[in-house]
Amino acid sequence: MNKSNALIAARAFGRCLALFALIAVTLLGGVCQSQEAAPAANGGANAPQQGLAAMIEVKLPLGSGGEAPLKQMITRARDRLVAESRQRGDGRRPILVLRFDAPGESAGAGSQFETVLSLARFLESREMADVKTVAWLPDSLRGHGLLAAIACEEIIMPADARIGDAAADEPADQAISRTVVEAYREIADAKRTIPVALAVGMTDPAVEVIQIESDEGVRFLLREEVEAFRGDNEIISERTLISAGSIGEFTGREGRQFGFVKYLAADKADVAKALSIPIESLEVDQSLIADWKPVMITVRGEITPAAVSQLSTLLTTHLDSGANWIGVRIDSVGGDLDACLTFANQLAELDANAIRTVAYVPVEAKGGAAIVALACDQLVMAPDATIGIGPDLAEAGRQDNNNRNLPPNPRRRRGFQPRNEIDVEGLRAAVASAEISLRSSLAAKANRSWSLLDAMIDPQVELFQYRNKNTGVARWMSAEEAGELRDSANWTQGPSLHAGNELLSLRGTDALDAGIAFQTVDNFEQLERLYGLDNVQHVEPNWAMKLVHALASPGLATFLLMLGLVGMYIEMKTPGVGVGGVVAAIAFLLFFWSKSLEGTATSLEIVMFVGGIVLLLLEIFVVPGMGIFGLAGGLMVIFSLILASQTFTFPTSGAEMDEMRQSMGIVIGAGLGVIGLAVVLRRFLPKAPIFNRLVLEPPAPEERITLSHREAIADYSHLIGVVGEAMTDLRPGGRALVGGQLVDVIAEGIPLDRGTRVVVVEAHANRVLVRAAT
């Protein structure tokens, strides 16, 4: 055998050894996994003691600043685990599980890169060396949330859930920033949870990832790294794993095969079994999440637009003061659906990683009130409390059941009597409008299925338990929503949540069993213990807030504007500071005060209004006739009044256009009202018993014609230098008695008060200019 044949034989033998080694490692890994995932049964003598663990929820997507509260939660959990481990004398590192909550079609996409990078660097820092971090992905994960997951030491996910496509959060029409790619390379290289090449391949579509099998085992390399590796190693086989122009995305099963998914687990029990930890440790300890600054907002009775406006003001006020635990105590059968959806959206839009919203239902939450409850992060109910469809909607459903013959609801609220006057058509239209909002926005924000929310207002919606046959995840959905899912073939229909001949109405215990409620408590004290709350501030709309919102209502706001403008008109027609000025000041003060407390008027609108008034005064009294100051001042006043009645500058949606039309309607209505009142006041004010002493009555028509003729041929040049007395305020025009004649004059420079001694300094025909006599 020559040297070449010997070399070929040696290479073939080496390949066989490498292949046998690969098979042995794979089999051994499977045995180890099964041993790790299944501790010894029945607590035998060789069964390892279950380790210490805690869980933190990471709700995706993460917005700007969303990492700060998460770091605080993680630090608290780490410190507690380390302290408890030392107390027990357990030499093993405690386990900190980060559950990445990214349900829905978006799979968590939408996170801000800088925010996730900050969290990822914290997870891979030395500060976290005392605990083992595990990323648990119950659902698929896309976008930059991936960066935080690979910063953990282990990844657990269901077999058919998908992970990857970090570029989903980058602009589709731009190349991926080198900063982003290098960040994934940095975190992957530091933690070694996932091969660097795979991490880059999940981020940058420009790269090509190759799976190499050599005498050293299986490696994952970028295309440009292959030749250098080939020069030092014998390559048995290679295949393109991620082609250039595509983004890497793998199932949990593939991740397990490639070595970056440690365990395959479909639910909480599987995760606890794989990590050899108590399943109770995978319940979030609410008291450790943050230093709660709690406030409980009470929602009682019918929910109206006025009530929601007041509730929104309360919520905004307490958020601005630093509250981070918002409780909503609900005892309501609903009300105006649009109003309920407005408040529900406001609650759902709060950052779940920074602010915890909890709905507490001690008695009932029906219809729109139920939607408000389900919009919160967590729902806590009394065991016998009920949540479901409202009585008006239920009765309308029974009257409009052409397609479903529903008998009277046996769970009807005691004392409720059917009302024949229900506007079925109006309710149907309101429900249809609300359903659009539920599907398009609220369901995604609240992390609920849209059909669950829809079932609270639409008696025709029937909910079933659907279970994903691959991941084991269960959801309550309608058949329509299940059919719209991208992987609808993987979901199997189970039992109905309520009987087909009954409208949806769940007791607290039933909602808990169905996974709709987070917990049940017998009283408020149990709720406080559940979250570790102290000094809860209870608030609800009071008479002062109702007064403020009444003043800010369109009708009263228009009246206040009219009153203020009329007061200004009267003030300019009367000498000195009188009743008109006081009335105008009070009216405008009430207007801006109510709008400020309502949250629509800020210092900008107030400064604009005052500035506009100053410019108008300059135009009237200092530089009359120019028009620039008057025009600018008038526009500033109008814009300030419009902006003070809305929460935005330029409308960007249909709802904002409606709000802007209402704001403009208030200002236009007030302006038209002032014009009408000005005509009336100009005619009748001089004849009024009190005001006739303050306002000069205009001359009769015949006298006005005679005066106009005289003024046309008048020559007052002979009055130059003559001293007289101002008979009215000169601001700057008015009348003065000069040389025994009552003459129309204009004050030069500053305005002059009535009774001031004046001297004529200039006269051109009937234009007489005067100044204060020295």
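**View 1. Three strands form an open antiparallel sheet, ordered β19-β18-β20.** Strands are DSSP runs of E, at least two residues long, numbered from the N terminus. Two strands pair if DSSP finds at least two bridges between them. The edges of this sheet are β19 (474-477) and β20 (491-496), each pairing on one side only. From one strand to the next, the twist averages 30 degrees. Axes are lines fitted to C-alpha atoms, for helices over the stretch in contact; angles run from 0 to 180 degrees between N-to-C directions. This is a predicted model: local features need pLDDT of at least 70 and side-chain atom pairs count only at pLDDT 80 or more, while totals for chains, interfaces and linings use all residues. Residues are numbered from 1 along each chain as its sequence is written, and side-chain values use heavy atoms, with hydrogens and water left out.

**View 2. Strand β18 pairs with β19.** β18 covers residues 464-468. The pairing is antiparallel, over 4 bridges. Glutamine 465 faces tryptophan 476 of β19.

**View 3. Six strands make an open parallel sheet.** Their order is β22-β16-β14-β13-β12-β23. β22 (519-520) and β23 (537-539) are the edge strands, and each pairs on one side only. Within the sheet, β13 (residues 325-331) and β14 (residues 356-361) run parallel, joined by 5 bridges. Tryptophan 325 sits opposite arginine 356 of β14.

View 4. Helices are DSSP runs of H or I, at least four residues long, numbered from the N terminus.

**View 5. Strand β5 has buried residues pointing both ways.** β5 spans residues 154-157. Glu154 and Ile156 point one way; Ile155 and Met157 point the other. All are buried (under 20% relative accessible area; exposed is over 50%, partly exposed in between; 1.4 Å probe, protein chains only).

**View 6. β5 pairs with β3 and with β11.** β3 (residues 132-136) runs parallel to β5, joined by 3 bridges. Alanine 135 has isoleucine 155 of β5 as its bridge partner. β11 (residues 263-264) also pairs with β5 in the parallel sense, over 2 bridges. There, methionine 157 is partnered by leucine 264 of β11.
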